[in-house]
Structure formats: structure tokens, C-alpha cells
Amino acid sequence: MWVMVIRMYDGLLFFPVTAFAPDGSVDLDAFRAHVRAGVDAGAAAVFACCGTGEFHALTPEEFRDCVAAAVEETAGRVPVVAGTGYGTALAIRYARLAEEAGADGLLAMPPYLVVPDQAGLLRHYTELAAATPLDVLVYQRDNAVLTPDTAVALARTEGVIGLKDGLGDLALMQRIVSAVRAEGLDLLYVNGLPTAELTAAAYRGIGVTRYSSAVFCFAPDLALAHHRALASGDGATVDLLVDGFYRPLVELRSRGRGYAVSLVKAAVRRGGLDVGEVRPPLSEPAPEHVDALVLLVERARALLEQRGA
């Protein structure tokens with residue numbers, strides 16, 4: 001949809017966590033509050049029920065309800081993109097649920113379990129795009145890695161508008177950007193690494209200026225400070241945040257499996273909004289690691305205050 005494409009060019013992309021009540025059910029009130037806070041803070045788009053939102057752990061009914069809640073909370077202020085995944089048939093089913101819920105677009109996550117070849121990936125995304133009027137953003141990572149030729153074919157596919165890269169292979173991304181451009185085509189590119197701020201400057205060098213921010217979930221002020229500094233060419237502030245916050249955050253995140261989700265969710269809780277724990281098969285982060293993250297956030301805010309940024 002044109003609204004999504006235009007408005008996603010500016011600002012940070014917000015991937016809210018999905019809130020769960022103490023009994024394990026979805027807590028729509030807390031989820032709505034989380035989405036509302038992110039939009040009020042300045043998110044450019046809401047990506048509901050994606051990786052950080054534990055798409056893998058949601059039933060179709062819970063997925064539909066959460067996407068609908070996000071749509072209602074954003075009230076047209078920003079686009080809502082819903083996750084979809086698994087095999088082609090289920091991806092299409094989730095796409096239709098997202099459409100019914102009022103979503104503006106889809107993030108097509110890697111197919112479940114199998115390691116497909118390029119022809120299989122192309123067929124998967126082509127059939128998904130053909131089955132829905134929603135714009136499709138393809139998520140490249142793990143078992144869904146595209147060659148430049150496949151990216152060109154997707155750029156020619158009606159309904160496929162972009163590529164979110166969670167792989168981190170800058171040489172491959174440069175080849176993809178170049179190949180698509182050489183054919184006179186265009187895709188919307190997003191740096192979607194778990195802590196994209198750490199590589200945002202490098203991606204910017206190959207023309208990928210948009211990125212998602214997990215930090216925005218629990219410290220939107222820090223995420224926005226980095227985004228403003230990067231966009232304005234304030235290299236000193238970017239370096240300050242990378243050295244004093246984002247690099248230590250990545251090192252902390254690497255200390256536990258699933259921390260790209262569970263540590264973020266724990267940080268949202270520590271920030272005052274009870275979004276519950278992660279669902280299995282993920283586990284809660286070690287308390288000392290959550291404490292360390294809280295200290296990192298406090299330190300980063302102090303550094304920015306000292307700098308006057």
C-alpha cells in the first residue's frame with residue numbers, strides 16, 4: 001500500500017513484544033499500552049507479531065487479535081505490518097488473518113525448518129504475494145538467503161515491496177542493491193539485525209538507511225537519539241552510543257540463547273509495563289543480565305546528558 005511505502009521511509013521501525021498475562025494468555029490491554037507508547041514516542045511503523053513479538057508462539061486466533069489491537073491503537077497514524085511465516089499454505093492463512101485485522105502489510109519470515117533452494121524461495125514468496133492484497137516485505141536470514149538474481153525476480157513480483165536483512169552479509173547486500181538498481185527496479189531495504197544500530201552506519205554506506213530497533217521497545221529515547229545523530233551526521237554522538245551502549249548491549253545479548261527476544265521483554269517489564277514472560281521454548285534471561293542491561297541504559301542516558309545531546 002502506498003501509505004506504508006511512503007511513511008516507512010522516515011523514522012524507526014517498532015517491533016513490539018506481545019504481552020502475556022500471569023496465566024499465560026495474551027494480555028491485550030498491556031499489548032495495547034505498549035503499542036500506544038511506541039507510537040506516541042515516534043515510531044514510523046508498528047511490526048506486530050513478528051520475531052520480537054513471538055510470532056512462533058501465537059495461535060492464529062491470538063495473532064489476529066493482536067494485529068487488530070495494534071491497528072486500533074495506531075488509528076492510522078502509522079502503518080501496521082504483521083508477521084507471517086511457516087510453509088506457504090500457513091503463510092497465506094496468516095496473511096488473510098492480518099488482512100481481516102486491518103494490517104497494511106506483511107513481514108514474510110523464513111519458512112519453517114526446511115532449507116529451500118532459490119527456486120523454492122521465489123515460488124514461496126511469489127505465491128504469498130499473489131494470495132494477498134497486502135504489501136510483502138521479505139525477511140532474509142537463517143534458511144532464507146537470497147541471491148541477487150532472486151532479489152531481482154522478487155523486485156519484479158507484484159506485491160513484494162522490500163527486503164529486510166537479518167543476515168548481516170554486507171557484501172551480499174551490496175550485490176543485491178546493485179543488481180536491483182541495475183535492472184531499473186527498486187526495493188525498500190531494511191537493516192533488520194537484532195541490534196541494528198551497531199551496523200546502521202555500515203548499512204547506510206550501501207544505501208540502506210532504514211532499520212528496526214529492538215531498543216525502541218524499552219528505551220525509545222536512546223533509540224531516537226541514535227537515529228537523529230545518524231541522520232544528521234553527528235558522528236560523535238553515534239560513536240558515544242555505540243561505544244557506551246550498543247556494543248556492550250550486543251555483548252550482553254550474546255550471553256544467552258533467545259536474548260534477542262527475552263532480554264528485550266524483560267527490559268520492557270523493568271521499565272514499568274508488565275508484559276509478562278516469554279513463552280516456551282524461550283526462557284527468561286538471568287536476573288543479573290537484566291540488571292546489567294538496566295545499568296547500561298542508565299549509563300547511556302547519563303552519557304547523553306553530559307554531552308547535551
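This is a predicted model: local features need pLDDT of at least 70, side-chain atom pairs count only at pLDDT 80 or more; totals for chains, interfaces and linings use all residues.
Residues are numbered from 1 along each chain as its sequence is written. Local features need pLDDT of at least 70, side-chain atom pairs count only at pLDDT 80 or more, totals for chains, interfaces and linings use all residues, and side-chain values use heavy atoms, with hydrogens and water left out.

The protein contains 12 helices and eight strands. Both are DSSP runs, numbered from the N terminus: helices are H or I with at least four residues, and strands are E with at least two. The C-alpha trace spans about 50 × 45 × 35 Å along its principal axes. The radius of gyration, taken over C-alpha atoms, is 18 Å. A compact globule of 309 residues would have a value near 19 Å, so the protein agrees with that expectation. The globule rule is 2.2 Å times the number of residues to the power 0.38.

Of the 309 residues, 54% are buried. Buried means under 20% relative accessible area, exposed means over 50%, and partly exposed lies in between (1.4 Å probe, protein chains only). The accessible surface comes to about 12800 Å², and carbon and sulfur atoms hold 53% of that area. These areas come from the Shrake-Rupley method with a 1.4 Å probe; for residues, only the protein chains shown count as cover. Contact means heavy atoms within 4.5 Å. Among contacts between residues at least 6 apart in sequence, 73% join residues at least 24 apart.

The eight strands form an open sheet. Their order is β1-β2-β3-β4-β5-β6-β7-β8, and the pairing is parallel. The edge strands are β1 (13–14) and β8 (210–211), each of which pairs on one side only. Two strands pair if DSSP finds at least two bridges between them. Strands of a sheet pair through backbone hydrogen bonds, either parallel or antiparallel. Strand β5 (residues 135–140) pairs with β6 over five bridges, in the parallel sense. Strand β6 (residues 160–165) is mostly covered, with six of its six residues buried.

Q140 also belongs to strand β5. Its relative accessibility is 0%, so Q140 counts as buried. Beyond its neighbours within four places in sequence, Q140 is in contact with several residues, including L163, K164 and D165. Other contacts of Q140 include V145, L146, L172, M173 and I176.

Helix α11 (residues 259–270) holds V261. K265 has its place in helix α11 too. V261 counts as buried because its relative accessibility is 13%. K265 is buried as well, at 0%. Neighbours within four places in sequence are again left aside for the contacts of both residues. V261 then touches G51, T52, E54, V278 and L282. K265 is in contact with V17, T18, F20, E54, V275, G276, E277 and V278. The C-alpha atoms of V261 and C50 are separated by 11 Å, although the two residues lie 211 residues apart along the chain.
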